[in-house]
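Please consult the sequence and the structure shown here before reading the notes.

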Amino acid sequence: MEAILDVTGLTMDFGGLRALDALDLDVRSQEIVALIGPNGAGKTTFFNCITGIYKPTKGDVLIRPPAGGGELRINGLKPNQVTERGMARTFQNIRLFQNMTVLENVMIGRHCRMHAGITGAVMRNAATRAEEKQVVRDSYAILEKIGLQQYVNDFAKNLPYGAQRRLEIARAMATEPFLLLLDEPAAGMNAQETKELDELILKIRAEEHISILLIEHDMKLVMSLSDRIFVMDYGRRIAQGAPEEIRNNPEVVKAYLGEEDTEDAVEA
Amino acid sequence: MLNLEEVKRSFFTCLWFMFLTFPIMVIKVDTIDETVDWRWERILWVGAGSFVLSLIWRYLIRRKELGGKEIEAGDEDTPSKFQELVRKSGFYYPILIAAGIFVLIFPQVFSMYQTNIMNTALIYVVVGLGLNIVVGLAGLLDLGYVAFYAVGAYSYALLNMHFGLNFWFALPLGGLLGFLFGIILGFPVLRLRGDYLAIVTLGFGEIIRLVLENWNAFSKGPSGIASIPRPGFFGMEFSINQSIDYMYYLMVALVIFTIFVVRRLQDSRIGRAWIALREDEIACQAMGIDKTRTKLTAFALGATWAGMAGVMFAAKTTFINPASFTIWESIIILCVVVLGGMGSIVGVICGALILILLPEYLRALSEYRMLIFGVVLVCMMVFRPGGIVSSVRRVYKFEKEDG
């Protein structure tokens with residue numbers, strides 16, 4: 001199966017510091033791929049490079065949207081252009097629009113799929129009005145899918161932590177991506193919330209046909225969700241493969257997972 | 001109610017003030033008679049006054065801190081009790097209608113002098129609403145907004161002087177020029193944020209003023225441009241009184257138009273993009289919003305209103321010179337927006353009316369005007385940073401689906 005995201009030789013230098021070193025990664029359609037590694041390995045830098053926040057020093061970032069459009073090289077595109085082409089992300093530190101309501105946060109996600117401009121806004125012609133109504137309906141539908149509809153008119157800053165994390169996912173989904181990039185979606189969640197997140201991600205893949213690339217430290221979630229895992233350390237890929245292969249890979253164990261007898265979270 | 005710690009602190013404050021103001025208040029040197037007059041009773045007044053004020057201040061601060069969570073920057077959206085009352089009770093429409101009637105009969109009831117003052121206030125309302133787009137909605141701290149105001153005023157003055165351009169043509173042209181200048185001034189500041197943006201826009205404001213002041217061939221320099229015609233009505237000649245009344249109704253129409261457009265912009269795709277830009281620039285880009293375009297749109301649309309208000313200003317005062325467009329004006333307009341309530345249309349209107357009308361009506365205290373101004377600003381920012389009327393986000397209604 002052809003990869004919908006194909007990263008080859010990605011290198012990112014910050015002055016003298018090499019944050020990413022010839023990294024290769026691919027995601028196939030309808031896959032859930034996990035990117036794991038110790039803190040400081042360069043995982044979030046990787047996300048920032050492929051979504052356009054940083055411009056990579058070297059390498060190729062290619063996407064092949066399943067909806068069509070062939071192969072696109074997205075190096076150096078601005079973040080909003082990357083999102084328009086179908087890759088949406090969430091952030092490690094929650095970056096919601098705090099003083100907007102939950103519904104409006106999701107409506108912002110719809111921005112790039114709407115067309116109204118200044119004249120539309122001022123004139124409020126029929127097309128604009130219909131578009132606004134549709135956006136409100138669509139956003140509410142997304143909230144229902146994620147399970148946040150009871151918060152619809154609350155301010156994002158007033159939401160409980162777990163709901164804020166899910167709102168970030170809802171907002172990213174509103175941009176109609178073919179690939180969702182989740183940066184530590186389970187950070188700070190307890191076991192119950194993590195289990196719900198697990199079900200949510202699987203539901204998103206099954207019902208919306210969105211592929212997922214996630215960065216995560218919670219090994220239980222990673223092992224249960226992922227089809228494939230890429231392991232990073234010091235900006236390099238040190239292993240890739242199915243969860244069982246990764247669990248038993250000695251290099252990965254040494255660098256990240258820890259010895260068998262102390263790490264019981266790895267047990268299936 | 002008062003604890004010992006506060007009283008002690010206030011006492012020391014009072015001693016400190018007495019010490020500080022001792023040379024100014026107590027000692028009076030009479031150079032003519034060559035005597036020194038020691039006015040000891042003044043120090044007692046200073047002491048008593050500062051003690052009482054200090055106590056009141058500490059009491060209010062304590063009440064504010066106990067009253068709720070700390071007000072962080074951005075946590076200002078609690079509507080005041082007054083706002084809640086007005087909105088929820090059935091008084092909303094009657095108040096609106098009463099205000100409408102008052103606005104309509106204003107020039108008939110009040111004197112020409114009062115109407116003229118109200119005209120000034122209305123011009124500031126339009127300018128405040130324009131700056132509200134840039135500062136309140138998009139969160140771009142623009143300290144040089146007066147530049148667009150100057151562009152509007154000078155465009156009418158110069159076009160009229162050279163080409164005899166009529167007011168009615170100059171008004172939309174002023175808006176258009178404001179729009180263009182907004183884009184021009186917006187381009188260099190695209191990558192800047194926060195303080196840096198403030199300083200650069202402040203610089204632009206000064207540049208415009210200095211160009212106007214020194215390029216004599218173009219703008220007639222410090223002597224300004226005079227004899228700018230007032231707006232006409234199908235060629236009719238007006239007396240001064242009628243002219244001012246006419247101007248008043250024109251201003252009211254412009255204000256209503258501004259409110260209408262700004263409201264629509266606020267509640268649209270663009271408006272939401274501006275607010276997202278204000279909240280978190282990186283996240284907003286990641287969600288597919290073109291940061292460049294959104295910022296430029298904010299600057300341009302904000303500047304349009306300043307341009308139109310500038311044309312009105314030139315027509316009202318019939319004489320303009322660069323001294324009317326200093327940075328102090330920019331600061332007043334910014335105060336109007338911040339005091340009134342950033343992002344809130346009603347708030348900005350209140351802010352403009354209060355900030356412009358109050359100094360006029362308190363002319364008796366004109367010596368202390370700047371002092372009062374400063375004190376009001378400090379108190380507002382400490383006790384109510386959200387402004388007089390804070391903005392309220394729209395609430396969407398959804399029917400509960402059964403089954």
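The model is predicted, so local features need pLDDT of at least 70 and side-chain atom pairs count only at pLDDT 80 or more, while totals for chains, interfaces and linings use all residues. Residues are numbered from 1 along each chain as its sequence is written, and chains are lettered from A and ligands numbered from 1 in the order in which they are written. Helices (H or I, at least four residues) and strands (E, at least two) are DSSP runs, numbered from the N terminus.

**Contact between the chains**

- Chain B contributes 28 residues to the contact and chain A contributes 34 residues; two residues are in contact if their C-beta atoms, placed from the backbone, lie within 7 Å.
- On the side of chain B that touches chain A, at least two residues each come from helix H10 (240-266), helix H11 (269-279), helix H12 (281-286) and helix H13 (291-317) of chain B.
- H11(B) provides the largest share of that side, seven residues.
- By residue class, the side of chain B that touches chain A holds 14 nonpolar, five polar and nine charged residues. Nonpolar means Ala, Val, Leu, Ile, Met, Phe, Trp, Tyr, Cys and Pro, charged means Asp, Glu, Lys and Arg, and the others, Gly among them, count as polar.

**Domains of chain B**

- Chain B is assigned domain 1 (4-64) and domain 2 (86-383), with bounds that come from an automatic or database domain assignment.
- The centres of domain 1 of chain B and domain 2 of chain B, taken over C-alpha atoms, are separated by 41 Å.

**Helix packing in chain B**

- Helix H5 (residues 112-137) of chain B packs with H13(B) at an angle of about 170°, and their axes are 7 Å apart. Axes are lines fitted to C-alpha atoms, for helices over the stretch in contact, and angles run from 0 to 180 degrees between N-to-C directions.
- The contact of H5(B) with H13(B) comprises 17 nonpolar, four polar and one charged residue.
- H10(B) and H13(B) have axes that come within 12 Å and cross at roughly 180°, which means that H10(B) is roughly antiparallel to H13(B).
- In this pair, B:Met247, B:Met251, B:Leu254, B:Thr258 and B:Leu265 in H10(B) meet B:Leu301, B:Trp305, B:Met308, B:Met312 and B:Lys316 in H13(B).
- The contact of H10(B) with H13(B) divides into eight nonpolar residues, one polar and one charged.

**Strands of chain A**

- Six strands of chain A form an open sheet with mixed pairing, in the order E6-E7-E8-E3-E9-E10; two strands pair if DSSP finds at least two bridges between them.
- Strand E6 (87-89) and strand E10 (236-241) of chain A stand at the edges with a single partner strand each, so one side of each lacks a neighbour in the sheet.
- Strand E7 (residues 179-183) and strand E8 (residues 211-215) of chain A pair in the parallel sense over five bridges, and A:Asp183 has A:Ile215 in E8(A) as its bridge partner.
- Strand E1 (residues 3-14) and strand E2 (residues 17-28) of chain A pair in the antiparallel sense over eight bridges, with A:Val7 opposite A:Leu25 in E2(A).
- E1(A) and E2(A) form a hairpin with two residues between them, and A:Gly15 in the turn has a positive phi of about 65°.
- E1(A) also pairs with strand E4 (residues 58-63) of chain A in the antiparallel sense, over five bridges; here A:Thr11 stands opposite A:Lys58 in E4(A).

Methods
Parallel < 35°, antiparallel > 145°, perpendicular 65-115°, else oblique.
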